[in-house]
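Hi,

Here is the structure I promised to pass on. Have a look at it first, and my notes follow below.

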Amino acid sequence: MRGFIIKEFYHIFRDYRSMIVLFGMPVIQVLLFGFALSTEVKNAPIAIIDHSNDQVTREITSKILSSGFFILNDEVRGEGHIEEVFRHGKVKEVIIFESDFATRLEKDHQANIQVIADASDPNTANLLVNYTSAIISDYQREYLKEMSLPVTITTESQMMYNPDLKSVFMFVPGVITILLMLITAMMTSISIAREKEMGTMEILLVSPMRPIQIIAGKVVPYVLLAFVNALSILLLSYFVLGMPVKGSLVLMLAESLLFIVMALSLGIFISTVSKSQQMAMMLSMFALMLPTILLSGFIFPIENMPLPLQIISNIMPPRWFIIIVKSIMIKGLGFTYIWKETLIIAGMALFFIALSVKKFKVRLD
Amino acid sequence: MPIIEVENLVKKFGSFVANDHLTFSVEEGEIFGFLGANGAGKTTAMKILCGLSAPTSGKVMIAGFDVYRQAEMIKKRIGYMSQRFSLFEDLSVWENFQFYGGIYGLSSATIKQRTTELLGRLGLESEKNQLLGSLPLGWKQKLAFSVAIIHRPSIVFLDEPTGGVDPITRRQFWEIIYETASQGITVFVTTHYMDEAEYCKRVSIMADGKIVALDTPANLKLKYNAANIEEVFLKIARN
């Protein structure tokens with residue numbers, strides 16, 4: 001067994017391609033998702049058309065501009081310009097104050113602000129409008145306090161756990177999940193398929209080693225490597241992206257280990273059904289990667305999917321792991337809140353192990 | 001007592017009969033040639049003897065153990081060199097010996113001693129730290145054979161060990177086989193080179209899943225009135 005594990009490490013460390021996949025991917029993915037693929041909006045160019053130009057509108061304007069989300073493009077002078085600047089992409093949003101804004105507010109207790117956003121990029125538009133209205137209602141509250149008027153009901157939305165709506169919070173759990181899934185499932189399935197392709201598997205099967213020993217020998221190194229990877233992603237997200245683990249780190253690592261075992265058993269299963277390295281690779285890419293990204297709730301919210309897809313997403317192991325990671329890392333919840341998801345993943349692991357042991361035996365006949 | 005005893009071995013894949021009532025035995029220390037055209041069922045039979053595949057019916061005894069019930073005992077006593085090259089290309093010569101010695105449960109001291117001995121016999125001591133992938137095919141085949149006997153098996157199964165190897169290396173390879181047999185290890189070998197069949201003590205020739213001829217090369221030539229085994233083979237294959 002020991003010799004087996006050492007041999008497997010030789011395989012990994014002497015193949016620079018698998019080395020790159022193993023250790024380069026986590027870094028690249030975390031950085032990519034953390035920085036490049038950010039869905040936050042910073043410094044969006046906006047225009048403000050102020051027909052009133054009184055104290056209130058100036059205060060609101062400065063509040064908006066000092067938020068850090070927007071920068072002012074002061075080329076726009078009138079409503080006639082709006083379409084043109086949108087078309088050139090010079091601004092993402094235009095805010096228009098009606099005339100006599102302060103006076104109306106005082107007399108009628110009501111004044112209007114129009115917000116027009118460039119929705120050719122709907123996500124950004126949505127975010128910008130939300131930010132803007134949040135800032136305005138914030139101002140409204142302050143204003144009301146000063147006026148000491150009878151109580152007015154205002155809705156107050158609060159973004160729990162992630163008040164700044166940092167997208168890092170959303171991506172890190174997803175990236176951990178994808179990487180653990182990919183590295184463990186894909187690498188093991190490829191490495192077992194390679195033994196088959198090279199003919200070395202036959203020699204191993206002729207030897208007194210039991211199938212379970214052969215599989216364990218192949219799998220243990222990847223458990224260790226995947227675990228190292230999970231740690232390095234957590235470290236990266238903490239030091240580079242500033243995302244702490246709020247809950248118990250031990251619980252987080254234990255859950256990762258469970259997920260790794262699940263992904264490994266899936267990888268073994270893939271290798272028992274594929275004859276070559278290419279096939280193992282394709283199977284893990286298409287059968288694992290795409291559904292992991294698309295159906296796990298990593299990028300697209302599961303609630304928004306059509307019902308059939310929602311049902312399918314239930315059998316995606318990453319879906320449950322992402323819930324676990326989010327609960328521990330972001331919400332800081334304990335095991336009592338995630339035992340159900342943990343149980344599901346453990347069940348899946350057992351299922352795939354049983355299936356591949358059965359497959360492995362059948363293959364010998 | 002014969003070391004390999006096969007009686008009425010049948011292997012079916014669905015309705016296809018790959019091995020049709022094979023009966024033969026191999027004596028200890030014998031070099032037994034297992035010939036046949038492609039698709040005659042040689043590899044299937046060999047896989048059954050090695051425990052890689054289960055027979056459909058029939059009696060198979062290897063080194064006194066039953067293939068159905070005592071597969072684990074058999075596995076410790078056989079060596080196997082497959083048709084495809086089967087050492088790890090990205091490991092060094094030494095590491096390959098270490099690994100295969102290890103899976104047969106040899107101690108590191110034993111592995112070290114035997115590796116030195118086997119490499120010495122091949123004259124490849126100076127290559128022991130080279131990656132296997134960088135060596136020529138003939139050397140790799142000789143190394144694969146040495147690895148197959150590192151645990152001193154009673155029987156070594158060689159599935160077309162000399163495929164794609166030059167004549168000089170083939171000759172050397174057979175010298176090693178003889179040396180191995182002289183140490184009491186039974187050699188069970190399949191080949192497509194008929195000149196190699198002449199080196200065997202006895203040969204069997206398979207066609208369509210059956211053994212159609214089994215004798216010493218000399219007797220076969222006499223029986224089929226042929227100058228060499230190649231002619232014997234062609235006469236059998238044409239019928």
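**What I found**

Let's start with one residue: leaving out residues up to four places away in sequence, F157(B) touches M46(B), L49(B), C50(B), I78(B), G79(B), Y80(B) and F188(B) (contact means C-beta atoms, placed from the backbone, within 7 Å).

A word on the source: this is a predicted model, where local features need pLDDT of at least 70 and side-chain atom pairs count only at pLDDT 80 or more, while totals for chains, interfaces and linings use all residues. Residues are numbered from 1 along each chain as its sequence is written, with chains lettered from A and ligands numbered from 1 in the order in which they are written.

Back to F157(B): along with L180(A), it has the most contacts inside the largest nonpolar core, which has 125 residues. Such a core is a set of buried Ala, Val, Leu, Ile, Met, Phe, Trp, Tyr and Cys residues joined through C-beta atoms within 7 Å; buried means 20 or more other C-beta atoms within 10 Å of the residue's own. Helix 7 (residues 168-198) of chain A supplies the largest share of this core, 16 residues (helices are DSSP runs of H or I, at least four residues, numbered from the N terminus). Another core, of 16 residues, lies apart from it and includes A47(A), I60(A), F86(A) and L128(A).

Cheers

How values were computed. Buried ≥ 20, exposed ≤ 12 C-beta atoms within 10 Å, placed from the backbone. Helix = DSSP H or I, 4+ residues; strand = E, 2+ residues; numbered from the N terminus. Contact = placed C-beta atoms within 7 Å.
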